[in-house]
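Dear colleague,

Please find the structure below for your records. My notes on it follow directly after.

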Amino acid sequence: MKPFFQGLFSTLFALLFFTASLIAQVSIAEFMADNKTTLADEDGAFSDWVEIHNAGGAAVSLNGWYLTDNAANLTKWKFPNTNIAAGSYMVVWASNKNRTNPGLPLHTSWALSAGGEFLGLVMSDGTTIVSQFAPTFPEQFADISYGVLNGTNVYFGTPTPGAANSTNSVAFVADTKFSHKRGFYSTNFNLVITTTTSGAAIYYTTNGSPPSPTNGVIYSTPIPINRTTVIRAAAFKSGFEPSNADTQTYIYLDDVIYQSTNGVAPPGWPVSWGTNVVNYGMDPDVVNNPVYSATIKDDLKAI
């Protein structure tokens, strides 16, 4: 091999080695996408945040690097001329404020979605992804952070922005899913509720109260829905944080239109309010009026 090509090969090899070493030492260590009370920014606002960690033995310039929450736009927000010291942690606020003054708190031009999305740290070439949560990170919860512990992505019950990640990891039961969407119905159906967490138990209520192992009914078979019904459901598993309570309302318009017996008060409701006329439910004079009766269901759907 001629000296020129030997030198070129050596230069390319050194460049690739340098890039690989940066990828190995700089990463997104932790982030929070639903910051309620954990950490306030310089304005006193509880903005989302992303923590960058330099695990290497030398400082790294982040000048021209990028943070993005969009895999199709890797150059969404650009770092100013700033360094991250060896072994240190840098908190970048994901706040929509777009502040890039070196030496001052940094804020991206976007905020994180607690529902889950892509998150990536990209080198200055705009294409080399150094660290990422892809294709999306999972659903996030209030004041619970998410990041890397011993090479595994976990939730942290004790967030540590600007410091080494806690060993206090927590696990969440996957959200409940319903076979039918909320809305208006005129035909009966069987409602199926699921969670992807193996071994989890689903509890549900029909009175609007939060479901739990001590309140509600354990789900075992599909639920027959044949009238206006409000279903609240959550999934539970020992050693896990429960899912949030999901609510689905199925409205049968016949129930709405004819929801009481001749205006009589339901059990426990007042039969009169002083001299006021009490007429529970929809007024039969309206429901049965030929001017409205043919279109009243569509009228209700249009509200």
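Strand E20 (residues 229–236) and strand E21 (residues 246–252) run antiparallel and are joined by five bridges. Within this pair, valine 230 stands opposite threonine 249 in E21. Strands here are DSSP runs of E with at least two residues, helices are runs of H or I with at least four residues, and both are numbered from the N terminus. Two strands are taken to pair if DSSP finds at least two bridges between them.

The model is a predicted one: local features need pLDDT of at least 70, side-chain atom pairs count only at pLDDT 80 or more, and totals for chains, interfaces and linings use all residues. Residues are numbered from 1 along each chain as its sequence is written, and side-chain values use heavy atoms, with hydrogens and water left out.

E20 and E21 belong to an open sheet of five strands with mixed pairing, in the order E14-E21-E20-E17-E18. Strand E14 (183–185) and strand E18 (217–218) stand at the edges; each has a single partner strand, so one side of each is left without a neighbour in the sheet.

For the chain as a whole, the assignment gives four helices and 21 strands. Of its 303 residues, 37% count as buried, where buried means under 20% relative accessible area, exposed over 50%, and partly exposed in between (1.4 Å probe, protein chains only). The chain exposes about 16500 Å², of which carbon and sulfur atoms supply 55%; accessible areas come from the Shrake-Rupley method with a 1.4 Å probe, and for residues only the protein chains shown count as cover. Among contacts (heavy atoms within 4.5 Å) between residues at least 6 apart in sequence, 54% join residues at least 24 apart.

Most residues other than glycine have a negative phi, and most peptide bonds are trans. Asparagine 96 has a positive phi, near 75°, and is found in the loop between strand E7 (89–94) and strand E8 (119–122). Asparagine 96 counts as exposed because its relative accessibility is 51%. The loop between E7 and E8 also holds asparagine 98, whose phi is positive at about 55° although the residue is not a glycine. With a relative accessible area of 44%, asparagine 98 is partly exposed.

Lastly, a cis peptide bond joins alanine 134 and proline 135, with omega about -5°. Proline 135 is found in the loop between strand E9 (129–133) and strand E10 (145–149).

With kind regards
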